[in-house]
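Biologist: I'd like to learn how to read helix packing and ring pairs in a model. Could you walk me through it?

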Amino acid sequence: MKHTLAILLSIALYGPTSAQDIAMSALSSETARHLSPVATVAEATFPRMPGVSLTSALRDVCGGDEGSDPYVIYCTSLNKIYVDAKLSEKKMSDAEMGYRLAHAYGHAVQVRHGIADIALATIRANRAEETALRGMVTRQVECIAGVLMRRAYGKGVAGPAAWAGAEPFTGSHWGASPVARGPKVAIGLAERNAWFEKGRDSDDFASCAVGVFSADLILRAENQR
């Protein structure tokens, strides 16, 4: 309840995120409208979140390529989330479109609030455990996305297992330019969904501690709002 009140207060003070607040929304007012609930919640929950911009040439931004995600790229070099302007034309539900943005915000929370730096240092010091450690990072991202989606759409919002035919976000989709060199991580659709549901059902970022990566910095960032 306190999280909902904080979000409503932020909207009252600063105004809701609207299609007009998403850059290049003229490319698709429908896509911008569908993304707005998650953008509103993320901006109300965490400081220093990246701007969101629609693009008609996703693979041309931030050094993407054919192996990059076809829908969303989080470019850390520019602190910008780019979304395919035609997302609303791809017969996706609101939950699927919102999830894709929420996942990108999950990475942004890690990058903007020091978690990604800790993760990278841990990986460099433990190269033999890199696959497992990157899996932990991904699980935490899914959990963050689950909390954001709960606050945007309610406790019954469906996770990726409900609509995805295959595991999403296994291609490069975040990092510095060229993003095509970014990490490619697969943990399985069921595992992604389980961590999404953990965040969604708890509505608490404290539940997003995974292995050696605590949730302390996420909670600290949330409390800065």
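This is a predicted model: local features need pLDDT of at least 70, side-chain atom pairs count only at pLDDT 80 or more; totals for chains, interfaces and linings use all residues.

Modeller: Residues are numbered from 1 along each chain as its sequence is written, and side-chain values use heavy atoms, leaving out hydrogens and water.

Biologist: What is the angle between helix 4 and helix 5, and how far apart are their axes?

Modeller: In general, two packed helices are described by the angle between their axes and the distance between the axes. Here helix 4 (residues 115–125) and helix 5 (residues 130–153) pack at about 165°, with axes 10 Å apart. That makes helix 4 roughly antiparallel to helix 5 (over 145 degrees counts as roughly antiparallel).

Biologist: Which residues of helix 4 and helix 5 make the contact?

Modeller: Helix 4 brings Ile115, Ala119, Thr122 and Ile123, while helix 5 brings Glu130, Leu133, Arg134, Val137 and Gln140 (contact means heavy atoms within 4.5 Å).

Biologist: And how do I read a ring pair?

Modeller: A pair of aromatic rings is described by the distance of the centres and the angle of the planes. Tyr99 and Phe196 are edge-to-face, 5.9 Å centre to centre with 65° between the planes (rings pair if their centres lie within 6.5 Å, and planes over 60 degrees apart count as edge-to-face). Tyr99 lies in helix 3 (residues 94–112) and Phe196 in helix 6 (residues 189–202), so the pair ties together parts 97 residues apart in sequence.

Biologist: Is Tyr99 buried or exposed?

Modeller: Tyr99 is buried, with a relative accessible area of 0% (buried means under 20%, exposed over 50%, with a 1.4 Å probe and protein chains only). Phe196 is buried too, at 0%. Ring pairs also link Tyr99, Trp163, Phe169 and Phe196 into a cluster.

Conventions. Axes are lines fitted to C-alpha atoms, for helices over the stretch in contact, and angles run from 0 to 180 degrees between N-to-C directions. Helices (H or I, at least four residues) and strands (E, at least two) are DSSP runs, numbered from the N terminus. Angles under 35 degrees count as roughly parallel, over 145 as roughly antiparallel, 65 to 115 as roughly perpendicular and the rest as oblique. Rings of Phe, Tyr and Trp (its six-membered ring) pair if their centres lie within 6.5 Å; planes under 30 degrees apart count as stacked, over 60 as edge-to-face and the rest as tilted.
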